[in-house]
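Trainee: I would like to learn how to read salt bridges and helix faces in a model. Can we work through a case together?

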Amino acid sequence: MIPLSLGEIAAVVGGSVVGDGAVTVTAPAVLDSRQAEPGSLFVAFAGEHADGHDYAFQAGWAGAVAVLGSRPTALPTVVVTDTETALQALAAHVVARLREGLTVVGVTGSRGKTSTKDLLAAVLSSAAPTIATSGSLNNELGVPLTMLRCTAATRFLVLEMGVRHIGDIAKLTGLVAPDVGVVLNVGQAHLSRLKSRAAIARAKGELVQGLAPGGTAVLCADDPRVAAMRSLTDRPVLTFGRAEHADVRVLDVVLDRLARPSFTLRTAAARAPVALPLVGAHQALNATAAAAAALAAGISLDAAAAALPTVSLSQWRLELRDLAGGATLLDDSYNADPDSARAALDALAAIEGKRRIAVLGEMLELGDGSEAEHRAVGEYAAARADVVVAVGSRPLADGAGERVVALADNAAAIQWLRGRLTAGDVVLVKASRGARLDEVAAALACGPQDQPADQPMDDR
């Protein structure tokens with residue numbers, strides 16, 4: 001964060017200072033007192049189950065020098081009526097001050113946006129200082145927190161943007177209009193809220209409509225709903241995908257024994273080979289989206305192709321882990337919808353192993369078609385795995401037929417797997433965040449003791 005005194009922050013957000021207004025914030029803003037560092041700003045919210053203001057003292061011990069909140073605290077505090085609005089105003093102010101030397105990229109899509117964001121961050125950071133969304137902090141709080149990590153040295157800002165309602169992305173682009181807007185796909189995530197794919201497309205299309213003057217829309221040529229977003233803007237459009245007419249095209253995808261893709265990226269002017277350290281053929285398309293966005297941001301195809309293999313993905317995205325006893329865990333427990341579940345099952349089927357076990361839980365927010373979608377994914381899993389462990393979902397179990405082991409909950413899944421895994425087995429763990437199948441993955445990786453604490457993330 002650029003250095004700002006509490007007096008300056010109060011002026012920006014329309015608040016009042018309680019305490020020393022000369023105190024200067026020099027480090028990023030945080031919502032969790034445990035994540036504070038020397039010079040940071042602790043943003044306190046009064047929630048239903050906990051009041052952040054009560055943790056100001058702990059934030060101070062960790063290094064925070066001030067608080068932004070709705071009442072005075074143990075630290076110097078900027079007191080405002082609405083903390084969320086104030087946080088967003090501060091983020092918009094900071095980025096506006098840095099805007100002349102900053103290229104902003106927004107990334108959205110029903111699936112793959114976190115992986116694509118990570119791939120793009122790897123490319124851009126190879127060229128200049130880059131700030132990108134941590135994990136999936138992609139909502140009305142996560143985006144401004146990411147913006148506030150920018151400093152005078154930052155040249156690229158990559159913002160993952162999530163959707164639950166019409167207007168969500170419009171609010172985010174109102175904080176900062178992206179120079180590059182990437183739309184990956186229009187899937188089934190959040191159908192229960194948005195009711196139709198047409199509404200999801202409308203919500204995702206707000207990124208295209210919110211581009212900065214001179215900005216570029218980067219659109220998937222393979223998804224008709226995304227390709228149609230060309231009509232939403234008079235800005236330049238760059239397309240990516242497998243389609244012959246795509247401006248940045250992925251060709252000749254080949255998987256190794258761990259299902260890691262090698263492929264060729266092609267534009268009208270250049271070709272470049274890429275070998276990713278990631279699992280799944282679908283990651284080749286995510287990498288193509290990242291390369292197209294990098295081109296729009298001024299990075300050459302050769303430079304993008306060279307940087308893509310340096311990527312490190314956010315947690316619980318098809319992570320390969322060796323387990324005690326010689327089995328392999330494929331941890332994709334962060335989130336799920338029918339399309340991402342099929343992609344993960346394809347990856348499982350492509351990995352060399354003695355026996356493939358798919359541990360699947362509920363896919364949430366699918367609306368009226370939820371039961372049919374779960375049954376269809378169960379059928380798909382049965383064609384790609386030797387055993388399908390359906391956790392807490394009768395439709396999944398019904399779809400998987402004779403290959404299924406139906407279990408009531410995570411504890412039962414952990415017990416069943418621990419008693420049956422042998423050397424050479426490959427185990428996929430996949431479900432929506434609310435199913436908490438990361439508990440199953442953690443138990444397999446860590447054993448019955450010393451399991452890591454849960455790390456809450458946004459799930460959009």
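Mentor: Start with one pair. K117 and D118 form a salt bridge, with 2.7 Å between the closest N and O atoms. Keep in mind that this is a predicted model.

Trainee: What is the general idea behind such a pair?

Mentor: Side chains of opposite charge can pair when their charged atoms come close. The cut-off used here is 4 Å from a Lys or Arg side-chain nitrogen to an Asp or Glu carboxyl oxygen.

Trainee: Are K117 and D118 buried or exposed?

Mentor: K117 is buried, and D118 is buried too.

Trainee: How many salt bridges does a search of the whole structure find?

Mentor: The search finds 20. Another of them pairs D222 with R242, and there the closest N and O atoms are 3.7 Å apart.

Trainee: Which parts does the D222 and R242 pair tie together?

Mentor: Look at the loops. D222 sits in the loop between β12 (216-220) and α9 (224-227). R242 sits in the loop between β13 (237-241) and β14 (248-255). The pair therefore links parts 20 residues apart in sequence.

Trainee: How do I read a salt bridge inside a helix?

Mentor: Use the helix repeat. An α-helix has 3.6 residues a turn, so residues three or four places apart point the same way. Now the case. D398 and R394 meet in a salt bridge of 3.5 Å, N to O. Both belong to helix α14 (residues 394-400) and lie 4 residues apart, about one turn of the helix. D398 is partly exposed, with a relative accessible area of 42%. R394 is exposed, at 53%. Salt bridges can also share partners: D51, D54 and R71 are joined into one network that way.

Trainee: Now a whole helix. What span does α13 reach from its first C-alpha to its last?

Mentor: Helix α13 (residues 370-382) has 13 residues and reaches 18 Å. That is close to the 18 Å expected at 1.5 Å a residue.

Trainee: Which residues of α13 are buried?

Mentor: H374, V377, G378, A381 and A382 are buried in α13. These residues cover an arc of only 140 degrees around the axis, so they fall on the same side of α13.

Trainee: What covers the buried residues of α13?

Mentor: The cover includes α12 (338-350), β19 (355-360), β20 (387-391) and α14.

Definitions and conventions. Residues numbered from 1 in each chain as written. Predicted model: local features only at pLDDT ≥ 70, side-chain atom pairs only at ≥ 80, totals over all residues. Heavy atoms only, no water. Buried < 20%, exposed > 50% of the residue type's maximum accessible area, 1.4 Å probe, protein only. Helix = DSSP H or I, 4+ residues; strand = E, 2+ residues; numbered from the N terminus. Expected span 1.5 Å × (residues − 1). Arc of directions from axis to C-beta. Contact = heavy atoms within 4.5 Å.
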